[in-house]
Structures are given as structure tokens and as C-alpha cells.
Amino acid sequence: MDGPILVIDRGTERRIGAQLVEGLRRGILGGALRPGDPVPSTRALASELGVSRSAVVAAYEQLAGEGYLELRQGAPTRVAELAETDPDAASRHGWRPPTRASRPSVTIRRPVEEKVEPRIDLRPGRPSTARIDTRAWRSAWRHAAALEIPSDSPPPFGVRRLREEIADHLRQARGVACDADDVVVTAGTSEAVALVASALLLLGDDGRDDVTVAVEHPGYPSARRTIERRGARTVPVPVDADGLRVDLLRRMPRPPRAVMVTPSHQYPLGGRLPVSARLALLEWAREHGAVVIEDDYDSEFRHLGPPLPALASLDVGASVVLVGSFSKVLTPWLRLGYLVLPADAAFRDAVSRLRDDEPGPVAGVVQEAAAALLASGTVRRHIAVTRRDYAHRRRLVIDALDGIPGAPLSGLDGGLHAVVRLPDHGASEAVVARLAREGVTVAALAEYSAVPGETEPGIVFGYAGAGDTQLAEALALIRAAILDVT
Ligand SMILES: Cc1ncc(COP(=O)(O)O)c(C=O)c1O
């Protein structure tokens, strides 16, 4: 056949397989396909329609079972003789064959802007969970489930055992001199940021009418929105290849009440704040009584160069709130994170008042299970194993995408995502849209801008969440899409 009338509508809930069967059946009953006509090979039709070959195979098999098609070993599949001679078939399917004169034209249409189901999700922020030690995981949950069931909410700052384990982890992994009393368990970074913003608002800003928080530009969009929704104002501060431009922060006429930074791996561009800039930032914060919110979201995964000390470990008299998360080291499925309080008594008191009114959102049983995972060494071992996996995936990214003229690759010294700059926004949009049509989800760098209208062209994608094979497939598609626009 030249092709039956087949339009796969991706805007509906109807499954692709069902649409294929219906479209072909309609073509046969309507006369667009006549008995004896060959139908396209499953491979050709799948590629024409942008659907999986297995969906086409299943559709042909179903139609053969219904008597519409004849599948013959070693010969092309054909429309069965029976179909046109079965007068009831059409009415059974609510379809009246058009007359020959009105036979619709036989084109296969594939709308360009269709939404394709994402097959490979490379949105930044997704870790690999494939190597989580499931025996240890199950054992931690069994342990948590077997504990006595209290009649109270968990303590406002979290279950003691978990706070102790987190403090231990931070002392060992990040050199932060903290103990359990300094740790507050949160529902991930997002809730920690909301809590800090609320605490800042509760404390006020020395009589000024609004509380401002400096944020990185480009930077983490949801943290920015969380801070704003809590009622504080965000002020963008540009970043460069090293991270936050501390010199620009220093030049602000009115110093903000707080600054949120990702010093170990600037999100999303990937810079690592040098020690001199770290010290300058803390000096500025101390001078102005500003709070530094250190988002330490993926420091466990450093691929190049030694990890630099956390801001919270540099004791120079500034107020630093370290925010950490289990989203990258285990999975965001847990919704578990923490913050480490600064020495500042007023800030601690504000957080305490908030937690008294709004008890911690993390269920006690989740906290107990997480404490057991930390205590058994599962988290530490998982970090070591995934670090090697991620180093390998990072290599796949470099092999596929490094050195394309006009499309520099960056952000890969640490963490789980990469950035490719592109020549202009048209190119970025074309790459993101083309990949979406091919079932690969990546983000546009423009989404991270903290200044409306001031965006950089490029794409951002995570390389941890997809398996090696999927990643290799996606990288080939990304490369082809980039080569097409550069
Ligand atoms: C910059 C940054 N911080 C923190 C997180 C973790 O957020 P959460 O703990 O709320 O899952 C992410 C996740 O993608 C992130 O990109």
C-alpha cells in the first residue's frame, strides 16, 4: 500500500497500539486497502509513524487474528481476501465504507508538533537507583517497621538517631564540625529552603520592609520560587566559570539578608567556587550579618580535582546554613534532606518556633529506616559504587559530545549533569524540541535564568538516571541534533 489513513494522535489517552489497530482496520474496511494489497513492513511503518516496532508487530498480529491481514512466513503481510467481502465487519465497527469515488487519499500523516512519550528521561537531578543494595534497603525498612509505634509526632528537629548519623556523615565526608543538635531533618532541600526562608522572614530584616535573598543567575529555579512564595524577595547575582561572582555581591548597594549558593558544583553551569572566593563570601557575610545558605546537593560526586571544604566547615564567624539531601546519594523518592544550623541563637530559635507550629514533615518510620541505612554503611558504599558508575557515564558523555565546534561541553567536573552551550536560542529550542520528538527529555539552559529575558542558549541534561545503553542511544541523538544546528 502507499499507506492507509493512519494518524497517530498523541494528544489522546488512547494507546498507540489501539490507534494502530483501528486505523488499519478502518483503512481496510473503508477500501483504502484492498484485499491482496501488501502492507508496509513493521519496521517501515514503525519508522514512518515514529512508534515502536513492537507496537506495529502487535497490531498486525491482532488484525491477522481478526482475519483482516494474512501473515505468511517469508512473504510480505497482505490484506486478507475476507475483509472486503465481510459486509458486517464495517457496521460492527461503526464504519461505512465510502464509495470508490469518495475514497480518501492514502497518506500517512505525522504531525510535527506531536507529543511523544518520553522514552529516555535525561532531566537533571535523577540519580541511578539500579545499584542500591536492595537487601540492605529492605532490611532497613523491616527494622523501622518493627520498632515500637510511638503515640507522638517525631521530634521537631527529627529522630535523634538519624540526626546523629547525619552529623557523623557530614563530619567524615564534608569536614563539618557539627553534632546531632545542629542537624534538622527536612523533606529534602526544597523543604529546607522553605524553612530557612520562613525563619528569615520571622526574624525580619532589621526593620526594613522586605527580606531579600541573593540567588545565583543562572541557578536552581525551584529554590528561587520557594523562597519567593514564602514571601522573601530574590536578587539575582551572576555566576561565571568559577561559580558565584562574590565581587558583584560585595558591590550590591543594599546587602541582602541571605545568599543561596551551590559552591561545590554551581547549578547548573558547574563551576567550583575557589577557596579564595569562599573566604571572601564568608567575610562579606560576616561583615553584613548575612546568612549563607550552602546548597551542598551533589558534592559526594566529584570527578575532577579534590573536593573543596564546605563553607560550613570554614569557621570564620559567618552564619552558614548547610543544606543537604538524600535525593542524589540515594533517591528523591525518599523526600529526605537536612540542614545544619549555624551558631546564631536567634536563627536557631526562629527555626525551633517554626517547627513547633509546623511539625517536621518526614514520617518517623522513614527517618528510622534512613538512620539504619546510614548506620549499616549502605549509603557510604552506595556512594562509592555509583561514583564509579557516574565516572563511566561521564566518560560516555565526553566521548560523544566533546569538541563539537560551536557547542562547548561543560559542567562535568562533578555531579550528575552536563551543559552544552549552543550558538543561539533558536538552536537550543530546535535541539530540545527535536529530542522531545525522538523521546529524549533534556532541559533548556534558559529555564535556569533568574533574570527575565536574560538567558543563555544551551541545553542541560543529567547522565545518571538512564542506564548505559539508553544513555548511549540518547547521546547519539543529542550529538546528531547539535550537529544539525551548529
Ligand atoms: C541545585 C539542587 N539542589 C538540591 C537538589 C535536591 O533537591 P531535593 O532534596 O528537594 O530533592 C537538587 C535536585 O535536583 C538540585 O538540583
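# How do we know? A walk through a predicted model

Guide: Welcome! Residues are numbered from 1 along each chain as its sequence is written.

Visitor: What makes β2 and β3 a pair of strands?

Guide: Strands are DSSP runs of E with at least two residues, helices are runs of H or I with at least four, and both are numbered from the N terminus. Two strands pair if DSSP finds at least two bridges between them. β2 (residues 69-72) and β3 (residues 75-79) have three bridges, in the antiparallel sense, so they pass the test. The two strands form a hairpin with two residues between them, and G74 in the turn has a positive phi of about 75°.

Visitor: How many helices and strands does the chain have?

Guide: There are 16 helices and 18 strands. The C-alpha trace spans about 90 × 55 × 45 Å along its principal axes.

Visitor: Why is A258 called buried?

Guide: The test counts other C-beta atoms, placed from the backbone, within 10 Å of the residue's own: 20 or more means buried, 12 or fewer means exposed, and in between means partly exposed. A258 has 25, so it is buried. Buried residues make up 42% of the 486 residues in the chain.

Visitor: And why is R335 described as partly exposed?

Guide: R335 has 18 other C-beta atoms within 10 Å, so it falls in the middle class. This residue lies in the loop between β12 and β13 (337-340), and its phi is near 50°, a positive value in a residue other than glycine. That deserves a remark because most residues other than glycine have a negative phi.

Visitor: Which residues does A258 touch, leaving out those up to four places away in sequence?

Guide: A contact means that two C-beta atoms, placed from the backbone, lie within 7 Å. By that rule A258 touches L200, V213, A290, V291 and I293. A258 is found in strand β10 (residues 258-261). With neighbours within four places again left aside, V259 is in contact with V213, A214, L249, A290, V292 and I293.

Visitor: What makes a group of residues a nonpolar core?

Guide: The members must be buried Ala, Val, Leu, Ile, Met, Phe, Trp, Tyr or Cys residues, joined through C-beta atoms within 7 Å. The largest such core has 111 residues, and V196, V259, V292, I293, V321, L339 and I459 have the most contacts inside it. Helix α8 gives the most to this core, with eight residues. Another core lies apart from it, with 23 residues, among them L24, L33, A59 and L69. In soluble globular proteins, nonpolar side chains tend to be buried together.

Visitor: In what order do the eight strands of the open sheet come?

Guide: The order is β6-β13-β12-β11-β10-β7-β8-β9, with mixed pairing. β6 (183-186) and β9 (243-244) are called edge strands: each pairs on one side only. Inside the sheet, five bridges join β11 (residues 291-295) to β12 (residues 319-325), and these two run parallel. There, V292 has V320 in β12 as its bridge partner.

Visitor: What tells us which residues come nearest to the ligand?

Guide: A residue is near a molecule if its C-beta atom, placed from the backbone, lies within 6 Å of it. Of the 13 residues around the ligand, G125, G188, Y297, S325 and S327 come nearest. Helix α8 (residues 188-203) supplies the largest share of this shell, three residues.

Visitor: How does the shell divide by residue type?

Guide: Ala, Val, Leu, Ile, Met, Phe, Trp, Tyr, Cys and Pro count as nonpolar, Asp, Glu, Lys and Arg as charged, and the others, Gly among them, as polar. The shell has four nonpolar residues, eight polar and one charged.

Visitor: Where is there a cis peptide bond?

Guide: One joins H217 and P218, with omega about -5°, and another joins Y267 and P268, with omega about 10°. P218 lies in the loop between β7 (212-217) and α9 (221-229), while P268 lies in the loop between β10 and α11 (275-288).

Definitions and conventions. This is a predicted model: local features need pLDDT of at least 70, side-chain atom pairs count only at pLDDT 80 or more; totals for chains, interfaces and linings use all residues.
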